[in-house]
Amino acid sequence: MDPLSDVLSLLQPRSQFYAGFDAAGDWSFDFPPHEGIKFAAMMRGACWGIADGLDHPVRFEEGDCFLLNGGRRFVLSSDPALSPQDATHILNAVTHDGVAVHNGGGEVFLICGRFDFSGSHAAVLFDALPPIVNIPKASSQAEVLRWALDQWACELRDPQPGAALMSVHLAHLMLVQVLRLFLTASADLPQGWFRALTDRPVGAAIGAMHAEPARPWTLAALARVAGVSRTVFAQRFKALAGSTAMDYLTRWRMLVAADRLRSGGESVSSIAFSLGYESESAFSTAFKRIMSCSPTQYRRQSSAPAVTDVNRQSLPGYA
């Protein structure tokens with residue numbers, strides 16, 4: 001798989017809900033911080049949104065889509081100058097009816113969903129994203145997204161047999177498509193994983209590491225994959241990703257190992273050898289350095305009812 005597919009598969013996104021908001025007149029609602037990532041699309045009208053971490057509100061026009069990063073307070077309004085009200089009754093209406101209607105509706109219609117992640121390393125995705133990822137309707141290569149949006153709106157308005165499953169798969173398709181468009185359309189990405197993926201030489205090296213994590217990669221071998229000199233590759237990788245290539249490789253191996261420790265019955269030694277380590281001891285030392293606990297401790301913690309994210313620095317560039 002490609003690196004984006006690798007990360008999303010490892011994080012196992014689950015769409016937790018999908019709902020609509022139908023409003024008219026003047027309104028402004030303050031939504032509390034949420035877990036995971038919210039996805040939304042303007043099906044009719046326009047409104048404004050601002051989240052913690054942004055200096056100015058963002059205007060959403062009909063046909064626009066956006067992702068809202070987790071852990072941030074978010075205000076959605078017809079006018080950013082309005083004082084926001086508590087959004088509890090809107091959230092309650094969505095929970096009970098699927099669509100919340102305000103002031104009779106008819107002017108603005110928004111559909112949204114939320115993704116939670118079963119993996120304990122969601123920082124891999126979240127910390128690489130800005131507070132709001134906005135994809136305007138006019139964006140190129142957005143045809144698939146618009147088709148999926150139309151289908152999703154139909155499922156919400158007129159549920160047919162299998163509507164719940166259709167909505168889940170459409171939501172997953174839209175998540176991937178928005179992230180694709182974000183990668184291709186954003187000209188000034190911050191230092192980190194997404195920025196590194198957009199660079200052809202560095203992206204090729206990251207793809208090679210993901211494809212063969214057990215291979216005994218050297219800086220020279222990765223530079224050959226990238227098609228540049230060793231010195232240029234080392235400097236370019238660190239400038240874009242925020243870490244050295246070898247540090248990235250080690251951290252990716254540990255993420256793969258953590259997923260297998262959590263979800264399977266493989267022995268620690270089997271995982272170690274499959275990821276290119278010559279001994280269980282060498283693997284355990286690297287794992288503890290990256291994950292802040294031993295492989296055995298991690299497996300024990302992961303099988304407990306509640307799991308704490310042991311290290312938000314799972315991959316470089318996500319601070």
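Let's start with E266, which is partly exposed at a relative accessible area of 28%; partly exposed sits between buried, under 20%, and exposed, over 50%, with a 1.4 Å probe and protein chains only. This is a predicted model, where local features need pLDDT of at least 70 and side-chain atom pairs count only at pLDDT 80 or more, while totals for chains, interfaces and linings use all residues. Residues are numbered from 1 along each chain as its sequence is written, and side-chain values use heavy atoms, with hydrogens and water left out.

So who does E266 pair with? The partner is R260, and the closest N and O atoms of this salt bridge are 2.6 Å apart (the term asks for a side-chain nitrogen of Lys or Arg within 4 Å of a carboxyl oxygen of Asp or Glu). R260 is partly exposed too, because its relative accessibility is 21%. Side chains of opposite charge can pair when their charged atoms come close.

The structure holds eight salt bridges, so let's look at another one, R44 with D22, where the closest N and O atoms are 3.0 Å apart. This pair links distant parts of the chain: R44 lies in strand 3 (residues 37–44), D22 in strand 1 (residues 13–23), and 22 residues separate them. Strands here are DSSP runs of E with at least two residues, helices are runs of H or I with at least four, and both are numbered from the N terminus. R44 is partly exposed at 26%, whereas D22 counts as buried at 16%.

Next, R236 and D199 join their side chains in a salt bridge, 2.7 Å from N to O. These two also come from distant parts of the chain, 37 residues apart: R236 belongs to helix 9 (residues 230–241), and D199 sits in the loop between helix 6 (193–198) and helix 7 (200–211). D199 is buried because its relative accessibility is 12%, while R236 is partly exposed at 35%.

Now for a pair of helices. The axes of helix 10 (residues 245–263) and helix 13 (residues 295–302) come within 8 Å and cross at roughly 50°, where axes are lines fitted to C-alpha atoms over the stretch in contact and angles run from 0 to 180 degrees between N-to-C directions.

Lastly, L173 is found in helix 5 (residues 163–185) and counts as partly exposed, with 32% relative accessibility.
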